[in-house]
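Please walk me through this structure in plain terms, with the cut-offs behind each term.

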Amino acid sequence: MSSPTPILNTSLPSSFRQIRIELAREHGHPEGAHDIAYVMVAPLDGDDRIDAEVWRQHREACPVARLRPGEETVHGHLVHRRGGSWAFEYEANIPDEGGYHFNEERFVPGEYVSVNEEGRMHPFRVVSVTRL
């Protein structure tokens, strides 16, 4: 697989944001975990939800990084599935991870979202949303 073409921020619509979500409180992590996280780039609409129409026009501009302590960062892309759901599809040999109701979720700091990792839902908190 060849290296992706670099994305020039000026070539993207102004709705694109870099979003960081971190593991929220759950069993085994009573305080959450800032080092278990995802960083993704996605277009957001006026309600701070992922904009599927803009995503379709700029799919290659929506990378995802899966961050885990003591592990190499895993890179992939945000993908839109049939029926309107969203997932993280990786370049490495690990299963895709589905965003639970990402099509309905608002990506603003302090909000919570869920990610299905190997058949188990985990809560994540949106910690930052920044312009590119």
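**Aromatic rings and a central strand**

F107 is buried, with a relative accessible area of 0%; buried means under 20% relative accessible area, exposed over 50% and partly exposed in between, with a 1.4 Å probe and protein chains only. This is a predicted model, in which local features need pLDDT of at least 70 and side-chain atom pairs count only at pLDDT 80 or more, while totals for chains, interfaces and linings use all residues. Residues are numbered from 1 along each chain as its sequence is written, and side-chain values use heavy atoms, leaving out hydrogens and water.

The structure holds 5 aromatic pairs. Rings of Phe, Tyr and Trp (its six-membered ring) pair if their centres lie within 6.5 Å; planes under 30 degrees apart count as stacked, over 60 as edge-to-face and the rest as tilted. The rings of W55 and W86 are edge-to-face, because their centres are 5.4 Å apart and their planes stand at 90 degrees. W55 lies in helix α1 (residues 52–57) and W86 in strand β5 (residues 86–90), so this pair ties together parts 31 residues apart in sequence. Helices (H or I, at least four residues) and strands (E, at least two) are DSSP runs, numbered from the N terminus. Ring pairs also link Y38, F88, F102, F107 and F124 into a cluster.

Strand β1 (residues 16–23) has 6 of its 8 residues buried, so the rest of the structure largely encloses it. Two strands pair if DSSP finds at least two bridges between them. β1 runs antiparallel to strand β2 (residues 33–43), joined by 8 bridges, and pairs with strand β8 (residues 120–131) in the antiparallel sense over 7 bridges. L23 stands opposite F124 in β8.
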